[in-house]
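Dear colleague,

I am handing over the structure shown below, together with my notes on what was found in it. Please read the notes with the model open beside them.

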Amino acid sequence: MMSTTTPRRKKPATTAIVAISALMAGITAGQSAFAQQVAPGNRRASAAQGPIVNRVAIEGNKRVEKALIEDQLQARARAPYNQAAVDADVQRILEVYRRSGRGLAQVTPRLVDLPNGTVDVVYTINEGDKTGVTDIRFVGNNQVSSSRLRGIMQTSETNLLSFLKSNDVYDPERLSNDLDLIRRYYLKNGYADYQLVSSDVQFDPNAGGYVITITVSEGEQYRFGAVGVDPRLSGIDPEAVRRGVATSEGSVYNAEAVEKSVQALTTNVARQGNPFAQVRPVGTRDPSTRTVNLSYVIEEGPRIYIERINVRGNSRTRDYVIRREFELGEGDAYNQVLVDRAERRLNNLGYFKRVRISNEPGSSADRVVVNVDVEDQSTGSFAISGGYSTADGFIGEVSVTETNFLGRGQFVRLAGQLGQRAHGIDFSFTEPYFLGYRMAAGIDLYSKFSDQTRYARYENRMTGGTLRLGLPMTEEFSITARYSLFQQSVDIPNDLKQPYNDCSAPIPGYTLLNPDGVPNRAFCEGNGEASLAIKQSQGDTITSLAGLTFNYNTLDNIREPRNGFYAEVKTDFAGLGGDSRYFRVTGDARYYRELFEDVVGIARIQGGHIMGFDSGSDGGDNGDLRIVDHFFMGPSLVRGFAPNGIGPRDISSLDSRANAVGGTTYFGGSLEMQFPIWGLPRELGLKGAVFADAGTLFGYEGPTRFGPTGGSILDPADACVQDPNVPQNCINVLDSKVIRSSIGASILWSSPLGPIRFDYAYALTKEEGRLLPDGTRVGEDRTQAFRFTGGTRF
């Protein structure tokens, strides 16, 4: 409180000093008296507040950062201890762990008494394992089923197979990605008004897991109306830039197609000398017709240059591996479309947990700084795989793979296989940016052994390598140049267990001989005998081959495609040295279309032709091609037939069912429809399929006249052996163009152990062979109704 004083006559200084001393003494005495009065109550209040917190400690947190937990705590150092605040902290910590996917975490608080009335508050955490997702619910999805949306998500529900997978535990980051996948699915399939209303995650203690509820607003499905290009810059050829448009009138609205069109138009316009041009899609909805009229507006963009590109956070990956994914560099015109494309490419590499590209102002108004923030992740893997197929039996594989070798973005793989009828080792190396260009150069080295005695009475080992150089022409089309050099070794087993060459090399004490010492034909061919054409191919041959591969791919998903087209054409020329002389072309095309929800139709055609040259060098007839250079077909062409079960056969041998000699031309087609097995949970990954196949193989162009052991080719003037009791020196090939066909059903399982497929096929038409006078049928195709393939990786 302020007071005013009236001016008075001055007094001597000594008088003022005495007055002040008296005043101070009075104040001191009053303070002592007041302190004596309040001291007992003060002490009682201090005792009621409890001890003072010296520090707050957290123990046992390994999966959640300490700073994230500390931000939630109410208990603070140098503050009075409060039991209610500690109890609230326990619940807050548990909530942090629930959001991190560990709903069964436990938190135990304890006090550590210290001198001078202080304590330490310690929260001991038992994090436990990640908690599973017991239920994923959708609200508002009237057009797309909940099972379909769950199939889009990476997060899955817990089930009987949960011990084999890890994506059934709650992970907030994974769920965020799932929500984006759902958004992309709706926008890709015509739902232009789609909105995510909410996503709610609750931990259910009774169920011991999380319940995820996702509420969506779908809107109506739209189609494209009129689609046009509106160039507002001079010097642009509309027809030239329009080639990049991937949207068409009448098709279902697809945001991804719009995005691809913007990228293609931006690139085409820039190539015409307009680096600052920007392409802006302008859509006009027509609710009455449920169409979107779309116009790609090409206009002048802001004249902004890239001053600098900063790469941050890459502790392992080299800077240039990141920078080369940009189609623009420092000093170039800034283009947001190309920056977005670079971000997608970096995410698709699989090298990083997170990629984020942001901009900040440069040193002047027309300059921008691009910041690329990444977080490296593990890119190496060690895998042990196993599987079974009716062709190769049981087989196991051990492999080591690194997709970002030494942080250089290179792919390296070393694998070894061991199985019942096949084994081998292979090494592969790929440099995706050869000489700094977007060309994938690589080398493959291999040595593989296969036992063909079940179907062709020989064993084969192939050892060699391939150099390749791939050039992507567009996002969908690529060309790969190849050069291969390999040695092929053909061996015919000839022992008591597999006497497949005892007509030419009798086994002492086993092979029955005629009185003249020549092996008895009925005996040596009756117990299994390789064709003379196979015997002539025994030994080592070297093939030097150059080729091109043309690949076109618009599939929406590589592993489980629903829509799109895939085609591959290979051309090979063998004759750059070595023993083989031929030209070969093969093709394979597949079209996928989702007919109904989760029902996918597949149409496939395939074919090939091989033509030998430099004929007559060995003095034989039709000696252009060795038998091992021919095509051998079976269930890969028409299901329902055994490996090597289709095509020309040597019917001169009593073992004609095993003596396929191959053909030079094949073609075939198939129709298949895959569908979910109703009544079974989608998460099991089981699907059914029905199919129809048709195709044929024909055109044997190898030698037919051989020496006594099959090791040399007879002159055309030499006669063939006519005595039916001794081994022959000529072969009679049944070469039929009959169309083989079959129908069947399949069960497909995308199991956590790997893809498994079981086929049952019934052959409708086949080559029936020839009926000999003695009633024996020779040369018929070999059928195989059941076929099983499967593998695992663990």
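The buried residues of helix α5 pack against β4 (133-139), α4 (146-152), β5 (195-204), β6 (209-217) and α7 (255-271), where contact means heavy atoms within 4.5 Å, and where helices (H or I, at least four residues) and strands (E, at least two) are DSSP runs numbered from the N terminus. This is a predicted model, in which local features need pLDDT of at least 70 and side-chain atom pairs count only at pLDDT 80 or more, whereas totals for chains, interfaces and linings use all residues. Residues are numbered from 1 along each chain as its sequence is written, and side-chain values use heavy atoms, with hydrogens and water left out.

Helix α5 itself covers residues 172-188, and its 17 residues reach 24 Å from the first C-alpha to the last, close to the 24 Å expected at 1.5 Å a residue, the expected span being 1.5 Å times one less than the number of residues. Its buried residues are Arg 174, Leu 175, Asp 178, Leu 179, Ile 182, Tyr 185, Tyr 186 and Leu 187; here buried means under 20% relative accessible area, exposed over 50% and partly exposed in between, with a 1.4 Å probe and protein chains only. At the N-terminal end, Asp 171 caps α5 through a side-chain oxygen that lies 3.0 Å from the backbone nitrogen of Glu 173, and just after the helix Gly 190 takes a positive phi of about 95 degrees. Tyr 185 and Tyr 186 also belong to one aromatic cluster, which they form with Tyr 191 and Tyr 194.

In helix α7 we find Gln 263, which is buried at a relative accessible area of 9%. Leaving aside neighbours within four places in sequence, Gln 263 is in contact with Val 337, Arg 341 and Arg 344.

A search of the whole structure finds one disulfide, defined as a pair of cysteine sulfur atoms within 2.5 Å. It is formed by Cys 503 and Cys 524, with their sulfur atoms 1.8 Å apart, and the torsion about the S-S bond is about 95 degrees, so the disulfide is right-handed. The pair links distant parts of the chain, 21 residues apart, with Cys 503 in the loop between β19 (477-491) and α10 (521-526) and Cys 524 in helix α10. Cys 503 is buried at 7% relative accessible area, and Cys 524 counts as buried at 0%.

For aromatic pairs, the rings of Phe, Tyr and Trp (its six-membered ring) must have their centres within 6.5 Å, and planes under 30 degrees apart count as stacked, over 60 as edge-to-face and the rest as tilted. By this rule the count comes to 16 aromatic pairs. Among them, Phe 276 and Tyr 305 have ring centres 5.2 Å apart and planes at 85 degrees, so this pair is edge-to-face; it links distant parts of the chain, from the loop between α7 and β8 (277-286) to strand β10 (residues 305-312), 29 residues apart. Phe 276 counts as buried at 8% relative accessibility, whereas Tyr 305 counts as partly exposed at 28%.

Finally, Arg 639 lies over the face of Phe 691, at 3.9 Å from the ring centre, where the rule asks that NZ of Lys or CZ of Arg be within 6 Å of the ring centre and within 35 degrees of the ring normal.

Notes
A polar contact is a pair of N or O atoms within 3.5 Å; within protein, one must be able to donate a hydrogen and the other to accept it, and residues adjacent in sequence count only if both atoms are side-chain atoms.
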